[in-house]
Amino acid sequence: MAKQTFTVGQVLTADQMTSLQQTAMGGGSATAKTASYTLVAADAGTTVIMNSASSTTITVNTSLFAAGDTVFIVNQGAGVCTITAGTATVSTAGSLAMSQNETGELYFLSTSAAIFSEYTQSAGTGGMTDIASGSLSGSALSLTSISGSYKDLFLVIRDINLTNAVGVSATFNNDTGSNYLNAGIATQVSSPTRTAIGSQGTNIDLSQTSFATGDNNNSLQLRVFDYANATSGKLGRYQAGFTSNANGKYAIDAGVYYYPTTAITRIDVSISAGTFTGTYVLYGVN
Amino acid sequence: MKKIEHNVETGEVKEVELTAEEVAQRAKDAIAYAKAKADEEQAAAEKAEAKAAIAERLGLTDAELAILLA
């Protein structure tokens, strides 16, 4: 319910009481906007829902609200909605820009000053969410139906143990075309030699060499940057370490450029012979 | 031959048989891997042989050659 001026002896209706209760519980009547909007006095105590695919603003002016008034704001649309100081002052400890599905509240300190608090916001930079984890078995792992909700993907595989001395490779979107450019360096630690990695192939050659069998102390990680974009190729970076293989202790630091512009929704990790065990975690990174 | 299929959206994890295409790809990968490994070993052997020939021509021991190349 918008802010009211009640009078002595006034009888409230059931609808008014329901609306008041809703407002008291943090909801309140909502007005949907599809374009930039300037708040009016009647918005006090209500919820303004912005729903626009384009960027919008909600402007705050003076002499419309009293100290203690609040306006709840929801950005439902894909366009960023920015709370903008018109003639009033708007302060915040965070951001005045609200991405899709973010919510916040304007609290008026006076008729000319308000504080904006975001109740929800996107995860900050570096936030990692475990979106798939489990144990390896058989000859491959397919991670399918990966949503585009994150900035990067980060796959970690630990304690890899193989029945055959083979390498481990990965593909995106089940694509086995010659679309992967691997480049980096592999270092044999026990008898130091460094080998440049530089090849165009049908997969990401995560191990570059064969693992020894019966050794659990091997790890791989693969990070894919901006995996959900559908307009350019994808850059990835991978590291691997093996305590024992045909060449002794081994470490790899390399990158991959995947040419196709399709968003990545699937990652496969496989070996060319035998079976493997180990554990995997796929993180979505913001 | 089986693999783990993990649907990230639903969280469903199941063990499934490799498709015919995946089995064929696995065979191709095995051949490519064996060839790459053989090529790598051959290149390493040729390099070692060439190094030894140069060392012999210069009259250097392996230790002296290692110091020069370090």
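In chain A of this predicted model, four strands form an open sheet in the order S2-S4-S6-S8, with mixed pairing, where strands (E, at least two residues) and helices (H or I, at least four) are DSSP runs numbered from the N terminus and two strands pair if DSSP finds at least two bridges between them. Strand S2 (37–38) and strand S8 (97–98) of chain A are the edge strands, each pairing on one side only. Within this sheet, strand S4 (residues 56–60) and strand S6 (residues 81–85) of chain A run parallel to one another over 5 bridges, and A:Thr56 has A:Cys81 in S6(A) as its bridge partner.

Strand pairing also links the two chains: strand S12 (residues 140–144) of chain A is joined to S1(B) by 4 bridges, and these strands run parallel. Here A:Leu143 finds its bridge partner in B:His6 of S1(B). In terms of pLDDT, the predictor's confidence in each residue from 0 to 100, S12(A) is where confidence in chain A is highest, at 96, whereas it is lowest in helix H1 (residues 14–24) of chain A, at a mean of 73. Chain A as a whole averages a pLDDT of 86, and 91% of the residues score at least 70.

The interface can then be followed from the side of chain B, where 20 residues are in contact (heavy atoms within 4.5 Å) with 33 residues of chain A. The area buried between the chains, that is, the accessible area (1.4 Å probe) that the two parts lose on being put together, summed over both, is about 1900 Å², of which carbon and sulfur atoms give 45%. In chain B, the residues that lose the most area to chain A are B:His6, B:Val8 and B:Tyr33, which together account for 32% of what that side buries.

Two salt bridges (a side-chain nitrogen of Lys or Arg within 4 Å of a carboxyl oxygen of Asp or Glu) are found across this interface, and the side chains of A:Asp268 and B:Lys3 meet in a salt bridge at 3.9 Å, N to O. Strand S1 (2–7), strand S2 (13–17) and helix H1 (20–58) of chain B each supply at least two residues of the side that touches chain A, and the largest share, 8 residues, comes from H1(B).

Residues are numbered from 1 along each chain as its sequence is written, and chains are lettered from A and ligands numbered from 1 in the order in which they are written. Local features need pLDDT of at least 70, side-chain atom pairs count only at pLDDT 80 or more, and totals for chains, interfaces and linings use all residues, while side-chain values use heavy atoms, with hydrogens and water left out.
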